[in-house]
Amino acid sequence: MSIPRSPEWLLALAALAVPAFATSDAAVQRERIARERAAVERQTQAAQVACAQHFAVTACIDRVKAERRERLHGLDGERAVLDDALRKQRAAARTAQIQQRQAERAHEPPSVAVRSRAPAASAPAATPTRSVAAARAAHDAAASQAQAEAGKRAAASARSASQAEAHRNAVEKRNRDRAALRAPTKPLPLPPGAPASR
């Protein structure tokens, strides 16, 4: 197989080569950021210990925490830029890979491409075709089976509805019986001096 010399292929090769260089540079940057973060944390702890010697401890600690947040915010921004660049490089490499595969498939001979993509496409052609009568009989059999299943579902639905109705009637009867057995409740007594209701 000959190697394609198209501009897309050269771009794909360049895209695959760039991430290796950029990854090592990004790793150096990540290590630097990690060292700076550790230094910020150490300095913050030392500053908080020093704050304990002051009269206004809370104000000092709040100031130290604000400085820490500000310094870490800058480092987090740098790390986010590195992460974004790495994501873009991976996406570009993946796109280049996909384009390379598509270019290779375009250069394959048609017979190989058809066989590799759809081996099952030739199988139905090898089977003998059915006659119209056989197809009609199969269709009629499937239709009658579908009708039978629909009838079974309708019967099951009707049976379920009648059982639900019988249960509801039994519950209502039980509730009426219980209500009849209860003693009638007496109204609350009226407060003294209240007029009687009419």
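## Disulfide

Cys51 and Cys60 are joined in a disulfide, with their sulfur atoms 1.8 Å apart. In this predicted model, the disulfide count comes to one. The torsion about the S-S bond of Cys51 and Cys60 is about -65°, so the disulfide is left-handed.

Both Cys51 and Cys60 are buried. Helix H1 covers residues 7-51, and helix H2 covers residues 57-107.

## Fold and surface

The protein contains five helices and zero strands. Along the sequence, the pattern reads α-α-α-α-α. Among contacts between residues at least 6 apart in sequence, 69% join residues at least 24 apart.

Of the 198 residues of the protein, 10% count as buried. The accessible surface comes to about 16300 Å², and carbon and sulfur atoms account for 60% of this area.

Helix H2 has 51 residues. From its first C-alpha to its last, H2 reaches 74 Å, which is close to the 75 Å expected at 1.5 Å a residue. The buried residues of H2 are Cys60, Val64, Leu72, Leu75, Leu82, Ala93 and Ala96.

The largest nonpolar core has six residues in all: Ala26, Ile33, Val40, Leu72, Leu75 and Leu82. H1 and H2 are the elements that give two or more residues to this core. In soluble globular proteins, nonpolar side chains tend to be buried together. Val40, a member of the core, is in contact with Arg68, Arg71, Leu72 and Leu75, when its neighbours within four places in sequence are left aside.

Thr44 is found in helix H1. The relative accessible area of Thr44 is 8%, and the residue is therefore buried, the cut-off being under 20%. Leaving aside neighbours within four places in sequence, Thr44 is in contact with Val64 and Arg68. Val64 is one of the buried residues of H2, while Arg68 is also among the contacts of Val40.

Thr44 and Ile61 are separated by 17 residues in sequence, and their C-alpha atoms are 9.1 Å apart in space.

## Confidence

The protein averages a pLDDT of 80, and 76% of the residues score at least 70. Confidence is highest in H2, at a mean of 90, and lowest in helix H4 (residues 123-126), at 48. Over residues 1-5 the pLDDT is below 50, and this stretch has four contacts in the model beyond near neighbours in sequence. Where pLDDT is low, the predicted coordinates should not be read in detail.

Conventions: Residues are numbered from 1 along each chain as its sequence is written. Side-chain values use heavy atoms; hydrogens and water are left out. Helices (H or I, at least four residues) and strands (E, at least two) are DSSP runs, numbered from the N terminus. Buried means under 20% relative accessible area, exposed over 50%, partly exposed in between (1.4 Å probe, protein chains only). Contact means heavy atoms within 4.5 Å. The expected span of a helix is 1.5 Å times one less than its number of residues. A nonpolar core is a set of buried Ala, Val, Leu, Ile, Met, Phe, Trp, Tyr and Cys residues joined through side-chain atoms within 4.5 Å. Accessible areas come from the Shrake-Rupley method with a 1.4 Å probe; for residues, only the protein chains shown count as cover. A disulfide is a pair of cysteine sulfur atoms within 2.5 Å. pLDDT is the predictor's confidence in each residue, from 0 to 100.
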